[in-house]
Amino acid sequence: MTPAERLEEIKAKLSSNQSVEPISVRQFISWFGAERRGYMVAWRISRALERAKLVTVPNFNGVHIDARIRFALVEPPATEAATDQPIQESPPIGEGPLDTQLVESSPLIVGASADPAFRVGRLGSANIRPLSVVPDCCLAEAVTLMLRHDYSQLPVMTNDRDVKGIVSWESIGSRLALRKQPINAVRECMKEHYEVLSTDSLFRVIGHIIEHSYVLVRGDDKTITGIVTTADLSAQFQQLSEPFLLLSEIENHVRLVIDGKFTADELASAKDTADPERIIESVADLTLGEYIRLLENPANWEKTGLTVDRKVFVRELDNVRRIRNDVMHFDPDGITPEDHQLLRHFLQFMHELREIAGKL
């Protein structure tokens with residue numbers, strides 16, 4: 001069954017008031033042969049939803065890849081107001097309140113390309129319901145839970161929506177230092193909590209996470225869906241930034257393999273024929289794909305002095321080029337663990353070549 005047929009089947013069920021089971025974002029994008037939500041993937045899926053007059057709730061492109069989404073019919077535009085009602089002119093773009101419900105249901109918005117913001121809801125930790133305690137919980141129990149799970153704080157909640165505060169090592173320590181009587185209940189040492197919405201831009205709340213060491217995340221259904229800590233931020237930025245650093249170092253190593261061993265004309269012979277105006281004066285003017293084109297030539301390979309197999313080297317470097325294209329398009333889901341490992345291994349390979357050769 002094609003993605004379009006699946007969506008039409010869902011639309012038919014919803015139109016006849018039948019239920020449709022929620023699915024994960026990962027499962028949804030797999031219908032389109034995708035593993036991650038790159039720009040073009042998100043655009044293609046959004047267009048398919050627009051044609052089927054469907055939306056996902058929450059938006060499939062604004063939550064974690066393993067979060068569950070449900071389908072809903074696009075609501076028809078509101079009918080025109082009665083003629084005896086005054087006509088209100090729309091405010092200029094950028095002014096006036098934003099009707100978020102209209103934005104979510106509008107077919108025009110649904111057909112837009114990838115969400116430009118990296119939403120808090122994309123983080124895995126924002127989608128794992130946090131362990132919590134009630135206000136009357138024994139302090140010893142809270143401390144034991146924090147030690148057991150290696151947590152620095154626990155939300156104090158009466159239900160999934162009602163947060164009374166937070167208890168942390170800091171709040172416990174300060175209360176113990178200032179109070180002379182024993183502390184029995186969590187409510188005696190909890191403090192004000194901080195929370196953000198799952199739809200907030202991650203980069204707009206980073207300061208709050210750093211300042212408070214955490215933020216609670218409230219989802220579309222008003223429940224607390226997760227907690228994001230500074231440790232989660234570190235892990236996320238490593239996932240997003242490490243491929244850039246690995247690729248940069250790999251390209252520097254490849255430049256050293258080529259630098260000083262070819263004339264300007266030989267380097268220019270590897271230039272992409274679709275870009276004739278570009279001037280090639282040094283190895284720094286070539287792209288990674290052009291490095292591959294240069295080294296594919298057996299005569300050029302001999303000039304590098306490398307003793308490893310040319311075909312294997314070129315094939316692996318082409319895998320690096322493919323990954324680089326994904327990274328430079330900034331897929332918010334990041335590259336696959338397999339591709340991440342490939343970059344690490346290829347970089348280690350280049351280090352070993354340099355060590356063996358003594359100079360490259």
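Here is a quick briefing on this chain, from its overall make-up down to a few individual residues.

This is a predicted model, where local features need pLDDT of at least 70 and side-chain atom pairs count only at pLDDT 80 or more, while totals for chains, interfaces and linings use all residues. Residues are numbered from 1 along each chain as its sequence is written, and side-chain values use heavy atoms, with hydrogens and water left out.

**The chain as a whole**

- You're looking at 14 helices and 8 strands; these are DSSP runs numbered from the N terminus, with helices being H or I of at least four residues and strands being E of at least two.
- Out of 360 residues, 40% count as buried. Buried means under 20% relative accessible area, exposed means over 50%, and partly exposed is in between, with a 1.4 Å probe and protein chains only.
- Accessible areas come from the Shrake-Rupley method with a 1.4 Å probe, and for residues only the protein chains shown count as cover.
- Take the contacts (heavy atoms within 4.5 Å) between residues at least 6 apart in sequence: 58% of them join residues at least 24 apart.

**Arg26 and its partners**

- Arg26 sits in helix H2, which covers residues 25-30, and is partly exposed at a relative accessible area of 40%.
- Setting aside neighbours within four places in sequence, Arg26 is in contact with Ile65 and Asp66.
- With Asp66 there's a side-chain to side-chain polar contact at 2.8 Å. A polar contact is a pair of N or O atoms within 3.5 Å; within protein, one must be able to donate a hydrogen and the other to accept it, and residues adjacent in sequence count only if both atoms are side-chain atoms.
- Ala67 is 41 residues from Arg26 along the chain, yet their C-alpha atoms are separated by 8.1 Å.

**A nonpolar patch at the surface**

- Tyr39, Met40 and Trp43 make up a nonpolar surface patch with about 340 Å² of accessible area together.
- Patches are made of residues with over 30% relative accessible area and no salt bridge, joining like charges within 9 Å and nonpolar side chains (Val, Leu, Ile, Met, Phe, Trp, Tyr) within 5 Å. A salt bridge, for its part, is a side-chain nitrogen of Lys or Arg within 4 Å of a carboxyl oxygen of Asp or Glu.
- Met40 belongs to helix H3, residues 39-52, and counts as exposed because its relative accessibility is 53%.

- Gln153 is in strand S4, residues 153-157, and counts as buried at 11% relative accessibility.
- Not counting residues up to four places away in sequence, Gln153 touches Met146, Ile166, Val167, Ser168, Tyr214, Ile227 and Thr229.
- Gly334 is found in the loop between helix H13 (310-328) and helix H14 (337-357); at 7% relative accessibility, Gly334 is buried despite being in a loop.
- Gly334 touches Arg36 and Gln239, again leaving out residues up to four places away in sequence. Ser241 is 93 residues from Gly334 in sequence and 9.4 Å from it in space, C-alpha to C-alpha.

**Cysteines**

- A search of the whole structure turns up 0 disulfides, a disulfide being a pair of cysteine sulfur atoms within 2.5 Å.
- Cys137 is buried at 7% relative accessible area. Its closest cysteine sulfur is in Cys138, at 6.4 Å, so the two are too far apart for a bond.
- Cys189 is buried as well, at 0%. The closest cysteine sulfur to Cys189 is in Cys137, and 9.7 Å is too far for a bond.

- The peptide bond from Val57 to Pro58 is cis, with omega near -5 degrees. Pro58 is in the loop between strand S2 (54-57) and strand S3 (68-73).
- Asp150 has a phi near 60 degrees, a positive value in a residue other than glycine. Asp150 lies in the loop between helix H6 (139-149) and S4 and is exposed at 69% relative accessibility.
- Ser213 also has a positive phi, near 75 degrees, and isn't a glycine either. Ser213 lies in the loop between helix H8 (202-212) and strand S7 (214-218), and at 36% relative accessibility Ser213 is partly exposed.
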